[in-house]
Amino acid sequence: VCKPINKGGRRFSMLAPLAGVTGQDAKPYTSEWLPVGAGAFLQLTLSLTRVTGTLSVIVETLNDPATDAPRFCGSFAQTNMAGSVKASMVCDAFVRVVATPGAGAGQSADWTITGDAILSGAQ
């Protein structure tokens with residue numbers, strides 16, 4: 001997550017990348033909690049360069065990783081082919097990504113999530 005940028009009356013942070021894995025197998029992946037700014041509007045793109053089987057990717061959010069329980073923030077459409085999937089969502093102060101491969105042998109994927117966090121209150 002980069003420092004906030006002010007441009008055209010909008011304040012945003014680039015999420016480049018928010019998360020990603022090369023060679024993910026059947027084991028689920030959970031990223032670290034990343035600060036994005038409370039009330040940020042996330043405009044995200046999941047890019048898959050390789051996938052065998054299926055991949056389900058969700059975003060969780062909370063205000064304080066030390067005290068709060070995670071809650072569902074949004075998801076990308078489950079996919080079984082290379083390409084891009086877009087999603088938009090509003091989050092609390094922190095987000096993390098959970099990527100879960102489908103059931104069955106031979107699941108694998110190479111993927112990244114990029115995008116912007118549009119922050120409330122231009123400064």
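Buried means under 20% relative accessible area and exposed over 50%, with partly exposed in between; this cut-off is used at several stops of the tour through what is a predicted model.

Start with arginine 71, which at 40% relative accessibility counts as partly exposed. Show its side chain together with that of aspartate 92, and you will find the two meeting in a salt bridge, 3.1 Å from N to O. Aspartate 92 lies in the loop between strand 8 and strand 9 while arginine 71 is in strand 7, so the pair ties together parts that are 21 residues apart in sequence.

Now colour the whole chain by secondary structure: the protein has ten strands and zero helices. Of its 123 residues, 41% count as buried, and among contacts between residues at least 6 apart in sequence, 79% join residues at least 24 apart.

Next, select strand 5 (41-52) and strand 10 (108-119), which pair in the antiparallel sense over eleven bridges. Within this pairing, glutamine 43 has aspartate 116 of strand 10 as its bridge partner. Strand 10 is largely enclosed by the rest of the structure, because nine of its twelve residues are buried.

Aspartate 110 counts as buried at 15% relative accessibility, whereas arginine 50, at 32%, counts as partly exposed.

The structure holds three salt bridges, and the one still to visit joins the side chains of arginine 96 and glutamate 60 at 2.6 Å, N to O. Here arginine 96 in strand 9 and glutamate 60 in strand 6 are 36 residues apart, and glutamate 60 counts as buried at 16% relative accessibility.

Then turn to the largest nonpolar core, which has 28 residues, and select Leu42, Leu44, Phe76, Trp111 and Ile113, the members that touch the most others. Strands 2, 5, 6, 8, 9 and 10 each supply at least two residues of this core. Centre the view on tryptophan 111, whose contacts beyond four places in sequence include Val21, Tyr29, Leu46, Leu55 and Val97.

Finish at threonine 79, in the loop between strand 7 and strand 8, which is buried with a relative accessible area of 12%. Leaving aside residues up to four places away in sequence, threonine 79 touches Leu48, Gly53, Thr54 and Leu55.

Conventions. Residues are numbered from 1 along each chain as its sequence is written. This is a predicted model: local features need pLDDT of at least 70, side-chain atom pairs count only at pLDDT 80 or more; totals for chains, interfaces and linings use all residues. Side-chain values use heavy atoms; hydrogens and water are left out. A nonpolar core is a set of buried Ala, Val, Leu, Ile, Met, Phe, Trp, Tyr and Cys residues joined through side-chain atoms within 4.5 Å. Buried means under 20% relative accessible area, exposed over 50%, partly exposed in between (1.4 Å probe, protein chains only). Helices (H or I, at least four residues) and strands (E, at least two) are DSSP runs, numbered from the N terminus. Contact means heavy atoms within 4.5 Å. Two strands pair if DSSP finds at least two bridges between them. A salt bridge is a side-chain nitrogen of Lys or Arg within 4 Å of a carboxyl oxygen of Asp or Glu.
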